[in-house]
Amino acid sequence: MGVQENGNKKKYERMGSDAAEEETVLTNNLQHKKEKEEGVIVNNIFDNTRKYVFACAIFASLNSVLLGYDVGVMSGAIIFIQEDLKISEIQEEVLVGILSIVSLLGSLAGGKTSDAIGRKWTIALAAIVFQSGAAIMSLAPSFPILMIGRLLAGIGLGFGVMIAPVYIAEISPSIARGSLTSFPEIFVNLGILLGYISNYAFSGLPVHINWRIMLGAGILPSVFIGFALFAIPESPRWLVMQNRIEEARSVLSKTYDNEREVEDRLAEIQVAAGIANAEKYRAKAVWREILNPTPAVRRMLITGCGIQCFQQITGIDATVYYSPTIFKDAGIKGNTELLAATVAVGFTKTMFILIAIFLIDKLGRKPLLYVSTIGMTFSLFCLSFTLTFFGDGQFGIGLAILFVCANVAFFSVGIGPICWVLSSEIFPLRLRAQASGLGAVGSRVSSGLICMSFLSISRAITVGGTFFIFFMTSALSIAFVHTCVPETKGKSLEQIEMLFQNEGEWQGGEVEMGDAERLVQKL
């Protein structure tokens, strides 16, 4: 009997153990299923958030297609404008370079305008002004009318180059801000490529028609900009500055994954905006702080304005605008062949800017800047040497095309897009619009002066000698990056502001040259 009881007892224990195991398995399955469902929900939210911010960045960058198109198309159109309107070499330089000079009016006005009417509607204003100028240029019967259209286009360019990076930086999450803020530069490069293709496609038409079609085709993207205004929201940081907190919260809820992150980011923005001290944001106070800066603001201005100027004084706009002149000096004769060579330059520039967008938030700003400035310095020296000693031969032509493409490739993978990323993220909210506008002014003035003097200097010291000057300024840019540019990858705009409070962090940064060497190995 005792044996039977013991047997039954063991049987019941086994049954109880099996039941417990089944219950544990069932519980684990339910838990796994719940976690999987929650993961799917989180991934869906993240995907929706990412798609929304991605779409906003694309729409905000459409103006940049127009700007790039004008740069690219003018390099070829100027050949036929010169033949049709019988303009002199000096008029040619003025026509090309004045766009950048006059754009400072748009950049200076852009800061105050965007603070007054918002980032979104400043983008709209840039498009309207630029398109008006493009329409006048395409219909111009004479050089003076052509210049009027050019002046209007330049003002629109000034608004556009200043506001798009600011808007994208203010709406983007920290983890993706670098890539997304690079979008305007990507679209500029796409526009340049389209301009080069337009030059090649329409070059066979009669000379009094082809350049007008080339310039007029740039008006077409305005239709997409009109639709974009109905799709993109206002910047949440601008909304906070206007004390429209609920609207800012609504926008942030679409750009961040969870409610807590939204509230944390909103609190940071409110602190940065200083709603309790709103009087600090009056325009006079802002400009007073910029013109009489604290040590931290001075460091920001050195970094932001310095990187903008170095982007241009290394000669990138001269290379893009006058690439037919460069290739002609190398030995290419016919207009069609010259314009076909520029298409290769535009294609290279566009491909490498796409590489930059994938690397900028993974590897950081500073390693890419090292690779970019060192690569440009080498390419510009080789181009100068080639144009001086190997001109008028197939070998020289091949080398010239190679080193021009190498120069624009290194530019596009680093200093091209990162310049705008840095200038839009390093300044505090109260100064961001005006300080970014000031940096854009430095960029445009540098570009204009170089473009308006390139032909004259080249005639005096040869094209090869001119590029030797660009080589020397590019070498200086390496030292500037090492000394004055901190790493900002992965930091919120408010955390970046704190970087500049300490001179050691500003100059030391977080990246050494070894990081750039490891990056070269990866590339």
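User: How many residues of the lining of the largest cavity are nonpolar, polar and charged?

Analyst: This is a predicted model, in which local features need pLDDT of at least 70 and side-chain atom pairs pLDDT 80 or more, while totals for linings use all residues. Residues are numbered from 1 along each chain, and side-chain values use heavy atoms, without hydrogens and water. A cavity is a set of points on a 1 Å grid where a 1.4 Å probe fits but cannot get out, and lining residues have an atom within 4 Å of a point. With Gly counted among the polar residues, the lining of the largest cavity divides into 12 nonpolar, 5 polar and 4 charged.

User: Which residues lie closest to the centre of the largest cavity?

Analyst: The whole structure holds 3 cavities of 30 Å³ or more, and the largest has a volume, the space filled by probe spheres set on the points, of about 270 Å³. Helix 2, helix 5, helix 7, helix 14 and helix 15 each supply at least two residues of its lining. Of the 21 lining residues, the closest to the centre are V161, E185, V188, W420 and R444.

User: Which helices give two or more residues to the lining of the second largest cavity?

Analyst: The second largest cavity has a volume of about 40 Å³. Y69, D70, V73, F130, A134, M137, L215 and G218 line this second cavity, and they divide into 6 nonpolar, 1 polar and 1 charged. The elements that give two or more residues to this lining are helix 2 and helix 4.

Key: 1 Å grid on protein atoms, 1.4 Å probe; cavity = no way out; pocket = protein on both sides within 12 Å on 5 of 7 lines; lining within 4 Å. Helix = DSSP H or I, 4+ residues; strand = E, 2+ residues; numbered from the N terminus.
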